[in-house]
Amino acid sequence: MNKIILFNPKSAEGKYRIPNSILSIAASVEGRFDWTIVDGNRDPEPLKVMEDYLNTGQYKYIGFTVMPGPQLRQAIPIAKAIKEKFPFTTMIWGGYFPSTQPKVILESGFVDFVINGPGDHAFPALIDALERNTPYEFIKNIIYKSGGDIVKTAKEDLMEQDPLPPLPYNKLNDIYYIDKYLGKTFLGEKTLAYHSSIGCPFTCSFCAVVPIFEARWKAKSAQLVYNDIKYIKDKWGADAIEFHDNNFFVSEKRTVEFSKLIRPEKMSWWGMARIDTMDKFKDESLALIREAGCKIIFFGAESGNNLILEQLDKGGTQTGDQIIRFAERLKKFDIIPEYSFVLGTPAPTEEQVQAQIDFEIDFIKKVKAVNPRTEIVLYTYSPVPTEGSTLYKQVQALGFKYPQVLEDWVSPAWENFDMRKNPLTPWLKPEMIDQIRDFETVLNGAYPTVTDIRLSTLKRKALQVVAGLRFKTNIYKYPYEIKLLHKMWRYRQPEIQGF
């Protein structure tokens, strides 16, 4: 009775991607413990599937991977139901949400341990200790409750990625056919989700990655990344890649090497980067990246205001002028820049908050003027509990608080908070939020995202005609006609639904 269930809670409607995070945990225990995966995106009744496994009497450990937002909607009630019906089980949560909110999770009474960051070593070590009834206090990267105290062990140095065991794709295919994980997107007919690195070497104070990886980054070699992708292409027909790294393009050398390897495969791909990092890439490197199939790159522009970039501790050398210049630079390489902006950062007065929002809207229009193909993704600022950060202390002083009970995180308001759509922040007034959302609606009408493959050319032109005058004349209020068209045609916002 020591088998393991690994659960990937549902994250999206009708969108399936290989559950890389939970699959890496499976790889860590492969050959040591028997395991199975339950994917909430693929199973309509994941609780029943897990109960069937548990009723065999062979499964004792249950590992959840939990991102903030939609996954909580399924993770919380299922974890609670399992613990009530099968109290002998040991419940272990990992992922961004438990790593940043361990106290509220462990005080729920139905989660026993939290994996704090990467679990490739911590998870199997914890299972070993529990099986042998030996101490686990010195296992790095775990958080647990002892008496009334929350105990957090030391953080492990980020491990080199190449020596880690390969992901067990074939065993996953025995449980869920992998070809259904290869979805049709803007990039291709069969798009593969892949992680080639972990962490990020920067310390942006609004980013949930920072408290977990602490400005560290480790990557697989270009050759290993290519080998994995080539294997899945040859065996299951993948023709495109979404790199879900926090920062794929940290190393120009690795990026160039990978581009040379992948170029003959004729695959399209997408990844995330920093503007100030890629602006240092040579022209020949950018040309090669595009020639190798890279169609679109996501950049955290965040703000065109240099003072706000400093407030967000963006680090590096990024400036508002550079954001515009780089968008224009990418035009000659036929690479689409996808820029995200964070609106609604805190300020001492209501007037300053409003002025910041007005500035960002004008700045975004300047970006569109120099490169109309630039994709714009809008978020409202959501505080991240980065311990000791000046920005988090500032938002606490302004009256912001997280829920103190785990079940409260599944309310619609807090789910939208985690999607950075409803900030629940006291300094943002309702009319400011309306202004941001209305501008976003008009922007998405005047410039419909290229990643919505269901939107026909005729529908795109209709949206542009309806929204174009509003965009040019700065009339954003009450864009009901655009919202109606978006609703009728089920317009897809990449920041919520992906490609």
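The structure is a predicted model. The chain contains 21 helices and 15 strands. Its radius of gyration is 23 Å, which agrees with the value near 23 Å that a compact globule of 499 residues would have. Of these 499 residues, 58% are buried.

**Overall form**

- The C-alpha trace of the chain extends over about 70 × 55 × 45 Å along its principal axes.
- Contacts between residues at least 6 apart in sequence were examined for their separation along the chain, and 73% of them join residues at least 24 apart.

**Surface and charge**

- The chain has an accessible surface of about 21000 Å². Carbon and sulfur atoms account for 53% of this surface.
- The chain carries 64 positive and 62 negative charges. The mean position of the positive charges and that of the negative charges are 4 Å apart.

**Residue S24, in a helix**

- S24 belongs to helix α1, which covers residues 20-29.
- S24 counts as buried because its relative accessibility is 19%, and the cut-off for a buried residue is under 20%.
- A polar atom in the side chain of S24 lies 2.6 Å from the backbone oxygen of S21.
- When neighbours within four places in sequence are set aside, S24 is in contact with D120 and L167.

**Residue N133, in a loop**

- N133 is located in the loop that runs between α6 (122-132) and β6 (142-146).
- The phi angle of N133 is positive, at about 55°, although the residue is not a glycine.
- N133 has a relative accessibility of 72% and therefore counts as exposed, since the cut-off for an exposed residue is over 50%.

**Residue K266, in a loop**

- K266 is placed in the loop between α10 (252-262) and β12 (268-273).
- K266 is a residue other than glycine, and its phi has a positive value near 55°.
- The relative accessible area of K266 is 72%, so K266 is exposed.

Methods: Residues numbered from 1 in each chain as written. Predicted model: local features only at pLDDT ≥ 70, side-chain atom pairs only at ≥ 80, totals over all residues. Heavy atoms only, no water. Helix = DSSP H or I, 4+ residues; strand = E, 2+ residues; numbered from the N terminus. Rg over C-alpha atoms; globule rule 2.2 N^0.38 Å. Buried < 20%, exposed > 50% of the residue type's maximum accessible area, 1.4 Å probe, protein only. Contact = heavy atoms within 4.5 Å. Areas by Shrake-Rupley, 256 points an atom, 1.4 Å probe, with all protein chains shown as cover. Lys, Arg positive; Asp, Glu negative; His and termini not counted. Charge placed at Lys NZ, Arg CZ, Asp CG, Glu CD. Polar contact = N/O pair within 3.5 Å; in protein donor to acceptor, adjacent residues only side chain to side chain.
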